[in-house]
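Here is a short report on a single chain. Please look over the sequence and the model before reading on.

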Amino acid sequence: MISVQVPSKSGVPVFQAVTFGAFARVQGGTSGVLRGVGSVWENYVWLRGVRAENEELKRQVTDLSVRFQEQRALAQRATRLQELLSLQTSTSLPTLAAEVIAGNPNPGMLTVTIGKGSADGVQADMAVVAPAGVVGRVIGPTAAHAARVQLLIDRNAAAGAYTERTHAGGMVVGVDHDPALTMDLVSNMADVKPGDLVMASGVDGIYPKGFTIGRVESSERGSGLYRAISVRPSVNFSSLDEVLVVLVPARSAVPEDSAPTPAATVGTVK
């Protein structure tokens, strides 16, 4: 009571001066704690908002990535179909477009399965081609709506061939190494160089003359009568999706000069 009544030098009662100083410290500490708690709470709420935003952004990025891949796949398919249509309209031979529906379960023979068969006019030994070149031949028996195609790179496959630059003739066969084709029965005297385009000659009675097989990768003089020639296939056999079946039955082997040549006219579209 005395301290309430007794003034200090500044004129403020002693009790008021003492209590103001004490409570000022308490208020300062309390205010600091409250500010800290408020800051922590605001940061917590902000972080939760940022985390939710990040999750939403991740979801959107994933969705856009899937859509981009779908659109790219559609664009690639459209390009392949356009190339297939261009090939179909550039040859006078009747052809049938077919989709590759399965790979090869048997490692002893390199084949693919197409979604066209005997009900569509597909027969054994018909040639199968792609925009890039020769794919292989149909092997029997064929189902009503499916058929197997032996790839040209199979070690048991072969096709009559010649080089576009010098018309050196030979036989292209599949091998078990890279590149997957060799050109046999070409004389050591023949002019064959790396980069030469190798075409189907038609002498085998299966593959029409003029379709691309590949390019010479190496050509060396052999130890016997024939050159050692390796050929890089023009077709990427690991990514076959659509092909054309040439609806011309196989025939007996014929001399190279009498083999038919695909003309640049509109073919049959089915």
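## Fold and confidence

Helices (at least four residues) and strands (at least two) are DSSP runs, numbered from the N terminus. On that basis the chain holds 2 helices and 12 strands. The order from the N terminus is α-α-β-β-β-β-β-β-β-β-β-β-β-β.

The model is predicted. Its mean pLDDT is 80, and 70% of the residues reach 70 or more. Residues 258-270 have pLDDT below 50; this stretch still has 41 contacts in the model beyond near neighbours in sequence. Where pLDDT is low, the predicted coordinates should not be read in detail.

## Surface and packing

The chain has 270 residues, and 33% of them count as buried. The accessible surface is about 15800 Å², with 59% belonging to carbon and sulfur atoms. Among contacts with a separation of 6 or more, 59% come from residues 24 or more positions apart.

The largest nonpolar core has 46 residues. Val135, Ile213 and Val245 touch the most other members. Beyond four places in sequence, the contacts of Val135 include Val128, Val149, Leu151, Phe237 and Val243. Gln150 is also one of the contacts of Val135.

## A buried glutamine

Gln150 sits in strand β5, residues 147-151. Is Gln150 buried or exposed? Gln150 counts as buried because its relative accessibility is 3%, and the cut-off for buried is under 20%.

The side chain of Gln150 makes a polar contact of 2.9 Å with that of Asp154. Further along the sequence, Gln150 touches residues including Met109, Leu110, Thr111, Arg137, Ile139 and Asn156.

## Salt bridges

The whole structure has 6 salt bridges. One of them pairs Arg137 with Asp125 at 2.4 Å, N to O. Arg137 is in strand β4 (133-139), while Asp125 is in the loop between β2 and β3, 12 residues apart. Both are partly exposed: Arg137 at 23% relative accessibility, Asp125 at 27%.

Arg232 forms a salt bridge with Asp178, with the closest N and O atoms 2.5 Å apart. Arg232 lies in strand β11 and Asp178 in the loop between β7 and β8, so the bridge ties together parts 54 residues apart in sequence. Arg232 is partly exposed at 32%, whereas Asp178 is exposed at 61%. Arg232 also meets Glu217 in a salt bridge of 2.9 Å, N to O. Glu217 belongs to strand β10, so this pair ties together parts 15 residues apart in sequence. Glu217 is partly exposed, at 38% relative accessibility.

Conventions
Residues numbered from 1 in each chain as written. Heavy atoms only, no water. pLDDT = per-residue confidence, 0-100. Contact = heavy atoms within 4.5 Å. Buried < 20%, exposed > 50% of the residue type's maximum accessible area, 1.4 Å probe, protein only. Areas by Shrake-Rupley, 256 points an atom, 1.4 Å probe, with all protein chains shown as cover. Core = buried A, V, L, I, M, F, W, Y, C linked by side-chain atoms within 4.5 Å. Polar contact = N/O pair within 3.5 Å; in protein donor to acceptor, adjacent residues only side chain to side chain. Salt bridge = Lys/Arg side-chain N within 4 Å of Asp/Glu carboxyl O.
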